[in-house]
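Please keep the sequence and the structure in view while reading.

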Amino acid sequence: SLAFRPVPSWFDDVKFGIFVVWGLYSVPAFGSEWYWHNLMTGSPSVVQFHNRVYGCSGVMPDKYPCTGPKFTYEQFAEMFKAELFDPDQWAKIFQESGAKYVVYTAKFHDGYCLYPSPQHWNWNSVDVGPHRDLVGDLTTSVRAAGLRMGYYHSLREWYHPLYVADQKNNCSTTDFVDEIIQPTMKDIVMKYKPDIIWSDGSGDAPCTHDSVKYWKAPDFISWLYNHSPVNSTVLVNSRWGTGAGGDYTTGPDRYTPLSLVLEKWESAYTIQEHSWGYDRREDVSLFYNTTHLIYQLVSTVACNGNLLLDVGPTHDGRILPLFEERLKEMGQWLKINGEAIYKTTPFTVAYDDKAKQIWYTSPKTQSGRRNSTTVYAISFVWPETGILVLTQVAAGSDLTVNLLGYEKTLTYQQLQDGLHINLPSLDINETPSLISWVFKLHNIRSHSASKHGAPATTPLEEL
């Protein structure tokens, strides 16, 4: 059943999701969400910051001497109040971004849960901190906004005694998996009925990278696909350790292949350049601009992927204006150009030019196959010559060319070096975008020469 289960089609149609990385690490908001691990392993900048700002960590006291009260990572739970958290506001921001699904950190590697986990007594957001079911509250708001809801769930918990013991036993014991992880994941499924289980953190010791022998991922996924209340709609990613598979491939962080990938994949990407959880040290120069993020979305979709774009809220529950601005601007672009993104499939080539400034997608037919006569050319250049040259498509009979967001049909010439599209003269108030432009070509034929992205003979309708 794992190998032959049909992948729910909704995931390939939606293309764009929001990743929310939020937890106790959002209190110090220093460096990254790996704050606890970096503290305990003696990262100089983290230990010195912690000892100076919060109290003595007790880490490597000979190397990092400290006088005064002790302060451990666990004490951040009392400071994590989420007093300004408004799930309806978050859901509105996500909806206005044009995203169609959300993946929310139900539990990170520190083991702290944003919901009342029976397996994590006094280490969850209901028992300590906000005294609130943060997962449940956001789930209700996100679904009311018409978006799908998934949960990031870390397998590892760095300092859980059972996990540490299993590693010391070279995984000859699986007490942590049997008593904590398996029941925790089933509890999430039964309580919140997710659309995605986004697994991560398959291990610290070599033996814990084995998804079959240690994590028993096939057992859980088999239950999920066959017996859970979401068996026909839920998806899982591929970060379950070696040999686990998944409904789609999650590459390394910020995965950007820039070429066609035949299997369905997802790029988890950040707005802040270096951190997933909010890092208050990063200024505006370390936030990707909207052009960069839209390019990431377009190039990902053209190469058969989805973009999962990360937002790191503050510890008190705010999405800062810089994050919100980026998301709103992406939503404004998608309002005009979304038909070139949603419910599309890759064209016979991913991109046109060697500089990779023009990307292609095709609309899907009702059966989910590629429409062979229509293509979207998404250009990040507006040539000063007033002519955009496409080398990977050619005019068929009765070709029509339209610029999305502009009412008039464009003229063109088919020349030996490609299709020359005559660009309209637009003032600032007429141009549909200042970032990139989508040209919809109907009744095209593909060039037989296909140097970029993928061979023209690739059976993309089978993707």
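Is the link of C171 and C207 left-handed or right-handed? With 65° about the S-S bond, the link of C171 and C207 is right-handed. Helices (H or I, at least four residues) and strands (E, at least two) are DSSP runs, numbered from the N terminus.

The model is a predicted one, in which local features need pLDDT of at least 70 and side-chain atom pairs count only at pLDDT 80 or more, while totals for chains, interfaces and linings use all residues. Residues are numbered from 1 along each chain as its sequence is written, and side-chain values use heavy atoms, with hydrogens and water left out.

**The disulfides**

A search of the whole structure finds two disulfides, a disulfide being a pair of cysteine sulfur atoms within 2.5 Å. Counting bonded cysteines along the chain, the pattern is 1-2, 3-4.

| Disulfide | Sulfur atoms apart | Angle about the S-S bond |
|---|---|---|
| C56 and C66 | 2.0 Å | -85°, left-handed |
| C171 and C207 | 2.1 Å | 65°, right-handed |

The link of C56 and C66 is left-handed, and both of these cysteines sit in the loop between helix 3 (44-53) and helix 4 (76-79), ten residues apart.

**Burial of the cysteines**

Buried here means under 20% relative accessible area, exposed means over 50%, and partly exposed means in between (1.4 Å probe, protein chains only). C56 counts as buried because its relative accessibility is 9%, whereas C66, at 32% relative accessibility, counts as partly exposed.

Three strands form an open sheet in the order 12-16-15, with antiparallel pairing, where two strands pair if DSSP finds at least two bridges between them. Strand 12 (387-390) and strand 15 (412-415) are the edge strands, each pairing on one side only. Neighbouring strands of this sheet are turned by 20° against each other on average, direction ignored; the axes behind this angle are lines fitted to C-alpha atoms, and angles run from 0 to 180 degrees between N-to-C directions. Strand 15 pairs with strand 16 (residues 418-422) in the antiparallel sense over four bridges, and the bridge partner of L415 in strand 16 is G418.
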